[in-house]
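Here is a short report to read beside the structure. Keep the 3D view open and find each part as it comes up.

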Amino acid sequence: MKNLFKKFGIHSILIFTSLLSIFPFIWLISTSLKGNTENIFAYPPTIIPSEFTLSNYIGVWHKVDFVAYFMNSMIVAGATVFLNLLLSALAAYPLARMEFAGKKFSFFAVLATIMIPFQAIMLPVYLITLKLNMVDSVNNFMGYLGLILPFAVNAFGIFLMRQAFLTIPKEMEEAAIVDGCNIVQMFFKVLLPMVKPSLAVLAIFTFIGSWGEFLWPSIVLTKESMYTLPVGVNNLQGMFSSNWRFIAAGSILSTVPIVVFFLFMQKYFISGENEGAVKG
Amino acid sequence: MHQYYKKYVPYLFLLPAAVVLMVFFFIPFFQTIVLSFQDYNTSIYNPTWVGLDNYFKLFKSPIFYKVLWNTFLYLFLAVPILAIIPLILAIFLNNKIRCLNLYKILIYLPVIVSIVVAAIAFKWLYAQQGILNYFVELFGYEPIGWLTDTNFALISVVIVTIWKGIGYYMMIYLAGLMGVPKELYEACDIDGASGIKKHLTVTIPHIMPTIALVSTISAISAMKVFAEIYVMTKGGPLNSSKTIVYYIYERAFENLDLGYASAMAVILLIIVMIFSLINIMCFERNKYQI
């Protein structure tokens, strides 16, 4: 009896928290489905629209180029993930396995970047990006470069991959050398496949981070056609000043891709295997 | 093992990452410090060297203290809650209960959604005639200006940060809880300890390092908060929700006061460095051992 009571208590708290977690989205979805004649400020509020309609979605879809925002986000997040995997793994390997002059220095230099928050150095980063012509006013490609390169590698990724390389038995490398591999073949054909789980974790968390990034793109972007989803969604507020039906519909539309991604990749997020991916 | 690589190979492996970190971390880091000693107000192209003037201006400015106060208030409101609530949830979810994964997915959902969408969703909840004020009025109070009242704006924004962070820290705790030896709980059961006592004597002491880790990580991210404020309040009303990063952004990119903004950035650098050092030296030592 006591156990049943306890179980009931735990489940009520968890259900309550789950509802709190999704309620802001539910309310946004509800508003987005309400037609023009329904008062969205009605007291008492209604969750289920009395006059259900998709017209807000159709309206906002025609006025806002979500496909372009989505493609921009895909290009930026995709390239950021690729570069992070490649550069982190490349840099991590010698730090884990090789002996060379300046190893300690390199290690602490990477560690030092953990302590430098992007928000504190964004102004010079912007000035440098301008100087390198990596802005969308030059051309789209340079615009993408400017969005991607400042986040092409970071200390968390390097340390995550270093931990992964440290767990590979040295005999693997020896065997590869005996088999006649050179260092490049060994790295790409033998070692990288062995650290796939860490690469997957790094890829997924880099993707989520890049996909949701707002501060940097809102600083560097000047052309609307280059907007990523977060910048585009923020822009909805200005476009439809008080048309909350449209703002809600646009926000929900922009969120669908990442939610689908999350549901497909959920085991990486909720299995507890991502301990190494903790970011500051 | 014999030397299977040429002497220059390690440097080749490090080179691409080194270039990126050099151009986008180290040079900007030093440039921030240099900029903080310069004045760009008279001309954006011909800065003048002004020594510590920007810092003196900063320390004389009431807004600076207001912004610093707001940022630390943000931290003191968010960090304790983000250290405790996710822990309680993680303890509940560390059992074999029904719908375990469903709970985890729903509570984690705010983490993966863009902060901009989260901020817009809350802005809508906070609307003057919005759903939250409906409940406020239901309880017989005057509607609250969640984002327009100087007493509420900062708290309203902190709520978004907390709401979005709970799932993230909960997963860190769940990983930490997996490391608590199961035998200790069994020993407790034999002793007849109650559920709460069990957690106080076994769970909490064992995951103290994780609690400390969560506290420092959430403190660091509280220092860096930006998007919530940009989308919801723009620092207003009357600077009541302006935090340090938002103020840097405003000064640098809207007022083009590069020197002053950089002096503030240096202050931010110092604060975050202290937190990061505590984190690295005390809680994540093993991860960063050479």
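## Two crossing helices in chain B

In this predicted model, look for helix H2 (residues 53-60) of chain B and helix H13 (residues 258-283) of chain B. Their axes come within 9 Å and cross at roughly 75°. Angles from 65 to 115 degrees count as roughly perpendicular, so H2(B) is roughly perpendicular to H13(B). Why give two numbers for the pair? Two packed helices are described by the angle between their axes and the distance between the axes.

Which residues make the contact? H2(B) supplies Asn54(B), Tyr55(B), Lys57(B) and Leu58(B). H13(B) supplies Gly259(B), Tyr260(B), Ala263(B) and Met264(B). By type, the residues of this contact divide into five nonpolar, two polar and one charged.

Leave aside its neighbours within four places in sequence. Met264(B) is then in contact with Leu58(B), Ile244(B), Tyr247(B), Ile248(B) and Arg251(B).

Met264(B) also belongs to the largest nonpolar core, which has 169 residues. Ala91(A), Ala119(B), Ile248(B), Met264(B) and Leu268(B) touch the most other members. Which helix gives the largest share of this core? Helix H7 (residues 153-177) of chain B does, with 14 residues.

## Where the chains meet

How many residues does each chain bring to the contact between A and B? Chain B brings 78 residues and chain A brings 75 residues. On the side of chain B that touches chain A, helix H1 (residues 9-35) of chain B gives the largest share, 17 residues. That side of chain B divides into 65 nonpolar, ten polar and three charged residues.

## Chain A as a whole

Chain A has 14 helices and zero strands. Its elements, read from the N terminus on, run α-α-α-α-α-α-α-α-α-α-α-α-α-α. Of the 280 residues of chain A, 45% count as buried.

Now consider its overall dimensions. The C-alpha atoms of chain A fill a box of roughly 75 × 70 × 35 Å along the principal axes. The radius of gyration of chain A is 24 Å, whereas a compact globule of 280 residues would have one near 19 Å. Now take the contacts in chain A between residues at least 6 apart in sequence. Of these, 70% join residues at least 24 apart.

Most residues other than glycine have a negative phi, and most peptide bonds are trans. Some places here depart from that pattern.

Start with the cis peptide bonds. One joins Tyr43(A) and Pro44(A), with omega about -5°. Pro44(A) is found in the loop between helix H1 (2-32) and helix H2 (55-63) of chain A. Another cis peptide bond joins Gly236(B) and Pro237(B), with omega about -10°. Pro237(B) lies in the loop between helix H11 (227-232) and helix H12 (244-254) of chain B.

Lys234(B) is not a glycine, yet it has a positive phi of about 55°. Leu238(B), not a glycine either, has a positive phi of about 55°. Are these residues buried or exposed? Lys234(B) counts as partly exposed because it has 13 C-beta neighbours inside 10 Å. Leu238(B) has 10 C-beta neighbours inside 10 Å, so it counts as exposed.

Technical notes. Residues are numbered from 1 along each chain as its sequence is written. Chains are lettered from A and ligands numbered from 1 in the order in which they are written. This is a predicted model: local features need pLDDT of at least 70, side-chain atom pairs count only at pLDDT 80 or more; totals for chains, interfaces and linings use all residues. Two residues are in contact if their C-beta atoms, placed from the backbone, lie within 7 Å. Helices (H or I, at least four residues) and strands (E, at least two) are DSSP runs, numbered from the N terminus. Ala, Val, Leu, Ile, Met, Phe, Trp, Tyr, Cys and Pro count as nonpolar, Asp, Glu, Lys and Arg as charged, and the others, Gly among them, as polar. The radius of gyration is taken over C-alpha atoms; the globule rule is 2.2 Å times the number of residues to the power 0.38. A residue is buried if 20 or more other C-beta atoms lie within 10 Å of its own, exposed if 12 or fewer, and partly exposed in between; C-beta atoms are placed from the backbone. A nonpolar core is a set of buried Ala, Val, Leu, Ile, Met, Phe, Trp, Tyr and Cys residues joined through C-beta atoms within 7 Å. Axes are lines fitted to C-alpha atoms, for helices over the stretch in contact, and angles run from 0 to 180 degrees between N-to-C directions. Angles under 35 degrees count as roughly parallel, over 145 as roughly antiparallel, 65 to 115 as roughly perpendicular and the rest as oblique.
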